[in-house]
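Please keep the sequence and the model at hand while reading.

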Amino acid sequence: MRTHRKAAGLLAMSAAAMAVLLSGCGTEKSADNKTVVEIVQYKPEAVKAFEALEEKFNATHDDIELKIDSPNDAMTILKTRFIREDYPDIIGIGGDINYSNFLDSDMLMDISDYEGLSDIKESYLRNAEELEFIPMDGVYTVPYMANAAGVLYNRDIFEEHGWTIPETLDEFYALCEEIQKAGIQPLYFGYKDTWTCLAPWNAICVDVADSDICSQVNAGSATFAEAYRPVAEITKSLLQYAQEDPVAYSYNDACTAFARGESAMYVIGSYAVPQIRSVNPDLNIDSFVFPGSNNADENLLNSGNDLQWSVMAGKEDKKEAIYTVLDFLFEDENIQTYLDDQSAVPCKKGDFELPSMLDGMKEYIENDRMADYQDHHYPSEMSVDAMIQTYLLDDSENALDTFLERFDTEWARYNRDLIAKVRKYYEEHPDSNSEGGENA
Amino acid sequence: MKSKGAQERKRTFLLITIPVVVLFFCFNTLPLIRGFLYSFTNFKGYGSYEWVGLRNYTDLFGDARVGKSYLFTFKYALVGTILTNVISLILALGLNSKIRAKSALRGVYFIPNVLGGLVIGYIFSFIFTYVIPAVGQKLGIGALSSSILASAGTAWIGIVIVGCWQAIAMNTIIYISGLQTVPEDVYEAGSLDGVTGWKKFKYLTFPLIIPFFSTNMVLSMKNFLMVFDQIMALTKGGPSQSTESISYLIYQNGMSGGQFGFQSANAFVFFVMIVAISVFQMTVTNKKEEQL
């Protein structure tokens, strides 16, 4: 009898322990009765800026406690938390396919009544809207920071040789030849990290392919084989100006090489600058828009929503506190704090001090000549980056056709559910524009 | 009186077992069953999802990328298992003989197992990318002058080298403990019959350590099939997607990508395969076991 009771006690104890383990934390109020607002944002490199902002906020607000998490690999952490149905209040993620998926899974709150939205530049709101698989009512994200991708160049090397910024594709090739003649490595790639293959790819896409090409393909009115042929050709042509064996080197290696002046240019985004500066803080970096087209007017700056805030669904009871936090983040002074720490472009209208490495792109930013990264529309499990790497390494004669054909078939396979959904939507709403989001 | 004592003992054993069984069920069996259920959905890992029946499984067999990852993983596991067992058996024979600084050497050979897979991976990645090509260029050896991780044809060799380097440590220890169970009098009897060298190993040592051999085969096959750390650190599945292992693909597309349902199906198929392979290995080697 006694042992039976013991057994029952043990079982109950282990059950209780399990319950504690599984329940997780559901407390909404901190110990001193403040409303807790939890942000998880996906840029670990900005952790210092956000720590400063968090401290500043908590020092000035008595009723709200702000917690900002900046984990490594935040997207995996977020998804793991979502599986457990453990949601933070605000998520700071990029304007990419993950945002589209979260939105499509009804996980985000409509924040069209947030007043700060009117201060955001149009093109960034449009970027966010284009990420909707099927047109949605309402607004689900506030763009915070954008980045710009193109070509970073070593200003000192350029000035020394009197080289100027190219405006067309032919001028760019000519410049590369000239740099090579001067005995300097024109480009350096870190293609071992497959995602870096997308940097030139995206920058060329905005110049020579339609920005809504993915929606067009989903709706059945275009193929990638046609739209991406020039993009693929130009991407491969860059290899002749790069170091030998670009897939042997990682992103870190490439950043380090560029920082040490081993190459004159580096086709990557502004997000690489903090990394480069960590190797060589004195490097004089500027950037220019990748001229993918021979018609200079067609060339656009590749700029996308790098960090945008979305509120999770079901947080209506905390809305006021959440909006207070957003207001705080969008205060000019606090945006400048972020800008000084990271090389970014603010999505808010206004007069901000842009980092000097964006000098060559300023004209495009001010005139709103920008288009989003195409890879923001690619499903990550399709691994387009690895496909591009495969294509770049493929020396066979029909490499280009193989790659383009594969792109179309894999796209159809990985987006099967989505394509079915989109086509069904347009069948039910024949009056809506079947080309997806409209572009200015 | 006696039977009561026996019952008491049984109850104690039961008390020890039940919490473990409960824990095992909650953290191992339950997730497995849930994963199996998800494999019939188009679940992305979050949000709403629909049941899609056997579609994930039929897709699995038509998916070139999954097929390639199975081919790569099995090629890697086979080569890795053979190399590891051959080298560690030789090492164990050496370290079990009467040589100087035996214990110190055993300690040194065990270090790779203590270090984390990622740490080793990053160190080797540096060696493959910078050190070996530099040496190769100096000596004018064409094959070594560029990183073996950069070519789709040779990258897997790099992963095999790192995987074996690390796996050999544990296997050697197991073989050493196996060799120590072989009684000296067997060798004495053998030497009277004039058995030496290779014959001594083939007819005396090896049959007596077969239980350890089978443990090592199963363990290293399983570990090599689940290869993940080394790929994460060395190649990230590249170049040209030539080194995507099954585990890597499941993690990459199931967790970071939105294929939780599909990769659950993949994981389940993989699980069944590993169980089948292990059972097969056990039955084959068990038949060859010698008892003294």
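**A covered strand and its partners**

Strand β4(A) is mostly covered, with 13 of its 13 residues buried; a residue is buried if 20 or more other C-beta atoms, placed from the backbone, lie within 10 Å of its own, exposed if 12 or fewer, and partly exposed in between. The model is predicted: local features need pLDDT of at least 70, side-chain atom pairs count only at pLDDT 80 or more, and totals for chains, interfaces and linings use all residues. Residues are numbered from 1 along each chain as its sequence is written, while chains are lettered from A and ligands numbered from 1 in the order in which they are written.

Helices (H or I, at least four residues) and strands (E, at least two) are DSSP runs, numbered from the N terminus. Two strands pair if DSSP finds at least two bridges between them.

- β4(A) pairs with β7(A) in the antiparallel sense through seven bridges, and Met145(A) has Leu307(A) as its bridge partner in β7(A).
- Strand β8 (residues 345-346) of chain A runs antiparallel to β4(A) and is joined to it by two bridges; here the bridge partner of Met145(A) is Pro346(A).
- Five bridges link β4(A) with strand β5 (residues 265-269) of chain A in the antiparallel sense, with Gly150(A) opposite Ile268(A).
- Four bridges pair β4(A) with strand β6 (residues 285-288) of chain A, again in the antiparallel sense, and Asn154(A) stands opposite Ile285(A).

**Domains of chain A**

- Chain A is divided into domain 1 (27-147 + 304-357) and domain 2 (148-303 + 373-428), with bounds that come from an automatic or database domain assignment.
- The centres of these two domains, taken over C-alpha atoms, are separated by 28 Å.
- In chain A, 17 residues of domain 1 are in contact with 22 residues of domain 2; contact requires C-beta atoms, placed from the backbone, within 7 Å.
- On the side of domain 1 that touches domain 2 in chain A, β4 (142-154) and β7 (301-311) each supply at least two residues.
- That side has eight nonpolar, five polar and four charged residues, where Ala, Val, Leu, Ile, Met, Phe, Trp, Tyr, Cys and Pro count as nonpolar, Asp, Glu, Lys and Arg as charged, and the others, Gly among them, as polar.

**Helix α11 of chain A**

- The buried residues in helix α11 (residues 229-237) of chain A are Val231(A), Ala232(A), Ile234(A) and Thr235(A).
- Viewed down the axis of α11(A), these residues fall within an arc of 165 degrees and so line one face of the helix; the arc is that of the directions from the helix axis to the C-beta atoms.
- Glu233(A) and Ser237(A), on the other side of α11(A), are exposed.
- The cover over the buried residues of α11(A) includes α7 (169-181), α8 (198-208), α17 (384-393) and α18 (399-414) of chain A.

**Interface between chains A and B**

- Contacts involve 31 residues of chain A and 30 residues of chain B.
- α1 (2-23), α3 (74-83) and α17 of chain A each supply at least two residues of the side that touches chain B, and the largest share, seven residues, comes from α1(A).

**Chain B**

- Chain B has 12 helices and zero strands.
- The radius of gyration of chain B, taken over C-alpha atoms, is 24 Å, well over the 19 Å that the globule rule (2.2 Å times the number of residues to the power 0.38) gives for 292 residues, so chain B is more spread out than a compact globule.
- Buried residues make up 32% of the 292 residues in chain B.

Key. Two residues are in contact if their C-beta atoms, placed from the backbone, lie within 7 Å.
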